[in-house]
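Trainee: I am new to this structure. Could you take one part, the chain that the others meet, and walk me through it closely?

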Amino acid sequence: MKKQAVGQSMDRVDGRLKVTGTARYFADHQPEGMLYAALVCSPVSSGRITAIDAAKALRAPGVADVVSHLNAPPVPGYKADNPNPKQGLKIFYDDRIYSNGQPVAIVVANTLERAVHAASLVKVTYAQEVHKTDMDENMGQAFQHKNMKDYLRGEADAWKKAPVHLEAEYNIPIEVHNPMELAGIIAHWETPDQLTVYAKTQGVKSVQQTLKTLFQLPESQITVHSRFVGGAFGMGLRIWPMEVATILAAKKIRKPVKLVITRKDMFTLVGYRPAARQRIGIGATTDGKLTGITHEAVANTSPYEDFTEAIVNMSRMMYACPNVNTRYQLVPLNLSTPVWMRGPGEATGAFALESAIDELAHQLKMDPLQLRILNHADTDPEKHLPYSSKYLKEAYEMGAAKIGWQQRSQTPGQLQENGWLVGYGMSSGVFSAGRGRATASATLKADGTLVIRSAAADIGPGTATAMVQIAADATGIDAKKIEFLLGESAYPEAPRQGGSSTVSTVGSAVNDVCRSLQQKLGEMASAGIPAFKGVKAENIQHEDGQLVAGNTRLDYAALLQLQQLPELTVTTTSQAGDERKHYAMYSFSVHFTKVHVHPATGVVRIKHIVSVADSGTVVNTKTARSQMIGGVVGGIGMALTEEALIDHRYGRYVNNNYADYHVPVNADTPPTDVLFINKKDPVINPMGAKGMGEIALIGFAAAVSNAVFNATGKRVRDLPITPDKLI
Amino acid sequence: MSQAPNENPSCPGKRDKHEARRDFLKQSSALMALALTPPLVVKAGEHDETIAGLFEKMPVSLEVNGKAYQLSVEPRVTLLDLLREQLNLTGTKKGCDHGQCGACTVHVNGQRINSCLTLAVMQEGKKITTIEGLAQGDTLHPVQEAFIKHDGFQCGYCTPGQIMSAVACIREGHAGSPEEIREFMSGNICRCGAYDNIVAAITAVKQGGHTV
Amino acid sequence: MNQFSYVRPASQQAAIDALTKDKSARFIAGGTNLLDLMKNGVVAPEKLVDINRLPLKSITLNNNTLHIGALTLNSEVAAHTLVTTRHPLLSQALLAGASQQLRNMATTGGNMMQRTRCSYFYDITMPCNKRTPGSGCSAIGGINRMHAIFGASDQCIAVHPSDMCIALAALDATVLVAGPKGNRRIPFGEFHRLPGNTPDKDNNLGKGELITGIDIPASPFTQNIYYLKVRDRASYAFALVSVAAALDISNNTIRSARLAMGGVAHKPWRLHEAEKALIGKTPTIENFRIAATVATQSARTYKHNAFKVPMAQNSLVTALSKAAAV
């Protein structure tokens, strides 16, 4: 038998395309006759449009049209009389302005420069109304979404009675996904009812479904291309109003139209991690057994949609604690709708919970690692189910050994190196390990190559590479002869790439379609190949891309050749069974950091990071490591640098660019060790792989703030930990 | 508008003539607009378009990846947009358009720069290398090889800029230590966070003694 | 960007003429700030006068004075042996700014012409006296964490963004200017302006005047120097506070001192009083603390930037300690 592909450190199958500049992202396409679009966005944060004067723009050279609510083609899917207005922003539907930066018109011209300039010539007048963008001033507006009920286990607020307890507030600001690739779309109505788009999305089928509903066209008349996506981190999980605006403009003008939004507009048009105010009460016995946790969170949403995520959920299940109550509320603000951002709500919640655990450990005069181990949940305390697999204790041990945890001083501010204060911190992360439903087709060709198709996405983790490895093991065909194609709506159904579930969901479909292919090949051999005559299909073995019965071996390719078939295609749908009824399934992470804090200037430098993942089987150790260090870098930003600032007088962002909204640069990152438990989960899917994308980030910010406390004795509960907060 | 190769584009005399034509254009379209009734103003816009196409462009000669181009562009076209939208060299990426991310990094006369913050017309006579011009035929540049081997990317969008920057970083002599690489590669943001692998890739090329 | 015309004059005089006769013309050198501003609609010149081909690219030593041509790139200056050996403070400051790509584009003259990074200046939808005189200062009552603590006015509290200029202020450079009325020399400290009632004016250049270079006099500041930049991330960010510190120490006594700060004022902020307080003193932390206290006496803070006073003091002490190696 040849070496197993899963678990190898295989180079990315699309690496060559990416390093030569030949990987084509949505904006790299140029359909014949394509025009360029630029947006006109509202500088007011609430009110109505009273007039749009596009005359000057229309007179400018090369301008094809200026499209707005005044002249946009109707969208059949907009429901005028929908009793629930909270169904998303209906772009160009009416004159309402809900948030600053909302697109009010789209200008189309024959060059990019002309479109951009003409957009500046459109004069829009507004009837301005009072806006609300300040979370703290509007806490009174907090309400509970019907799907987000209070949770209670045991006694409410039991922490208050505990001999050792504390209560603290933890705040995170708005953070913005800010993938390197600017958002946008190319929209092309090939006929009045045949739409093709090149999109930046985490799910081509999801875009197709949304467009189907909006434009009431059959699926077959909507084509979505999205093979390469320049990062998304959640912002590509839905279609955004400016994409619909572009589609409307293209419909009106009857030419392909490309929109690439500006970096500034990335703050207002494609979602963000909502700001959150969190309060944690936590209590323990004097020897460190948790007796109560209360976790309450308030996060913002938009005026026209309720965005919810799992901010308080980790507190319900991370530790063995008899009394837990949680509450989660929303405050509508005049901002666009948030959307899941890597780690999503769990990352927000983990910062609060894992900081509070560290604070409790300090009060208990206990090592925070010991406190976590002492309160380890051996079964899921929320669902009361056994875990499908959980190696968190091993992860704690591995990480502690690697970072040199024994060098940490229990008393803060004790260690120094070269005039810098030294601190060690840690935290845990957890995220549900999911498996959805996906379909894949496998086409075996007579030359022995295998092409697998599924409408999956790759926003960076290396989807195709992992799928090729899974298929190589399932079929025994050499990985070099296997191609995995994704990012086309014409391919078999796959869910969006989100929630750390692509390998689990699509990988299972790939595994299963390979099995179906083998089954089919077996049947063909049994029925049509003399050497296999009389051997039942199910008794034919499969080894190294060959059918085997006793001493008889036949290459898959040879079988097709003998049957005079140029190729053979099978399609299989795969989904989870009822495992979730019997097991709690989670991925876990542990993050350790060593930080330096400059006592005079308050500058924090992370010197070493160790992150450990308990994510089941690791399909590709190279790309998995990249995913982990990527999450860690996102976590560095969350911990130290990222904060989208709004001037509430205008309701407008003031640092909406890459110079002032600081995502980490190379110099912010230290050497990072990634360790994998790499033990197969026996339940979740055929590969035994749990997810990794979210746990890479979840908890990380707390590992930094805990280390900063250990270095300085200062507890920063408002992220990011910028130098001014430590001076 | 094309230009004979022996014409000197920096000759002030020629420039003045060009400006004079442009001033005439402004005046004449203003007069035209005055003379027309409002519904015809849009028509005038279309007319402007034709004239603008003729007069608002400037000749520029430059070399990209060894290939000579004689082009006619509006002065406001950035080098980045010229490469992407007019020369179909879409390997160079736009990440911010304001010199704040490095995705658009190319080499001009061997030096790495942000192509979004320079005008195409300013590149008269310059030799430009983009990511498409780095490999020798099918043979990848050692930095490209190293980025694949060390997985110096995830989504790949910042990668052309990272690689162009990395090649220059090594040539400049700024790849002496991981710390120096991290500092001198800080003008290239990678939101996927592949920095540790990028440092490993550059270190490997540097230590491998490859000619870059 | 609006459509504009573009000329590439063959001589310095032609460049000056081009700017003098056309009110809305602007010089373009590296373009790293001007094009950024044009893309944001902050400025909209109708003509760009490309000066990059003028012969102003040189680093030479004349009678111990270092001359740097205005078009010499930031990266070239930072790496030049005459700079690293004679004025290493300048090299350190340059390398603390921007990225290598930008330093390969930005010129010495252009760096001096950089406009503030104040968010309200950059966003044309919000009032700003610097961009639109008389419209009001949004920063005073707005988000002003990055803003000035020295020398601001009730018209403008923006800060100067350059690192290079902080070192040049400390090194007593002279700006060489050519213009319609001939050549003149401007002491570096008089080149940039405080906002006062004319925050739209960043410097004292007249219409049509072109920076041709800078002269840096010989100085004893080759060993005990340090440029400290405190910022929100480790690289590629503007300063919260920066300090250019240069000491001339012999026999454990400070003979002379130069101190300038960035990120704290509308111009490079030279600390003459603090310098005086150091002369004749021994280089100790205690004496540095005294100087830092003197340096920040005139500080005035706003809602979000009060931290800059202790940060400035601590940064001064840190930079001086590094410079003195104590």
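Mentor: Start with a definition. A salt bridge here is a side-chain nitrogen of Lys or Arg within 4 Å of a carboxyl oxygen of Asp or Glu. Keep in mind that this is a predicted model.

Now take chain A and its contact with chain B. Arg12(A) and Asp151(B) show what the definition describes: their side chains meet in a salt bridge, 2.6 Å from N to O. Between chain B and chain A the count is seven salt bridges. The contact itself draws on 62 residues of chain A and 55 residues of chain B. How is the extent of such an interface expressed? The size of an interface is often given as the accessible area lost when the parts come together. For chain B and chain A, the buried area is about 4,900 Å². Carbon and sulfur atoms give 53% of that area.

Next, turn to chain C. Here 31 residues of chain C are in contact with 31 residues of chain A. The area buried between these two chains is about 2,400 Å². Carbon and sulfur atoms give 61% of it. Three salt bridges are counted between chain C and chain A. Asp724(A) and Arg145(C) form a salt bridge through their side chains, at 2.8 Å from N to O. What does the record say about chain C? An unreviewed UniProt entry places the feature "domain: FAD-binding PCMH-type" at residues 1-221 of chain C. Over those residues the chain is 25% helix and 18% strand. The end C-alpha atoms of that stretch are 44 Å apart.

Now look inside chain A. Helix α10(A) covers residues 463-475, and helix α11(A) covers residues 502-528. Their axes come within 9 Å and cross at roughly 35°. The crossing is right-handed. Which residues make the contact? From α10(A) they include Thr463(A), Ala466(A), Met467(A) and Ile470(A). From α11(A) they include Val503(A), Val506(A), Gly507(A), Cys514(A) and Arg515(A). By class, the contact has nine nonpolar, six polar and one charged residues.

Salt bridges also occur within chain A. Over all chains, the structure holds 58 salt bridges. One of them joins Glu382(A) and Arg316(A), with the closest N and O atoms 3.6 Å apart. Why is this pair worth a look? Glu382(A) lies in the loop between α8 (368-374) and α9 (392-403) of chain A, while Arg316(A) lies in helix α6 (residues 313-317), so the pair ties together parts that are 66 residues apart in sequence.

Finish with two backbone details. In chain A, a cis peptide bond joins Leu719(A) and Pro720(A), with omega about -5°. Pro720(A) sits in the segment after α15 (700-712) of chain A. In chain B, Asn65(B) has a positive phi, near 50°, in a residue other than glycine. Asn65(B) belongs to the loop between β1 (58-64) and β2 (67-73) of chain B.

How values were computed
Residues are numbered from 1 along each chain as its sequence is written. Chains are lettered from A and ligands numbered from 1 in the order in which they are written. This is a predicted model: local features need pLDDT of at least 70, side-chain atom pairs count only at pLDDT 80 or more; totals for chains, interfaces and linings use all residues. Side-chain values use heavy atoms; hydrogens and water are left out. UniProt positions are given in the numbering used here, feature names are shortened, and annotations may be inferred rather than shown by experiment. Helices (H or I, at least four residues) and strands (E, at least two) are DSSP runs, numbered from the N terminus. Axes are lines fitted to C-alpha atoms, for helices over the stretch in contact, and angles run from 0 to 180 degrees between N-to-C directions. A crossing is left-handed if the near helix is turned anticlockwise from the far one by less than a right angle, and right-handed if clockwise. Contact means heavy atoms within 4.5 Å. Ala, Val, Leu, Ile, Met, Phe, Trp, Tyr, Cys and Pro count as nonpolar, Asp, Glu, Lys and Arg as charged, and the others, Gly among them, as polar. Buried area is the accessible area (1.4 Å probe) that two parts lose on being put together, summed over both.
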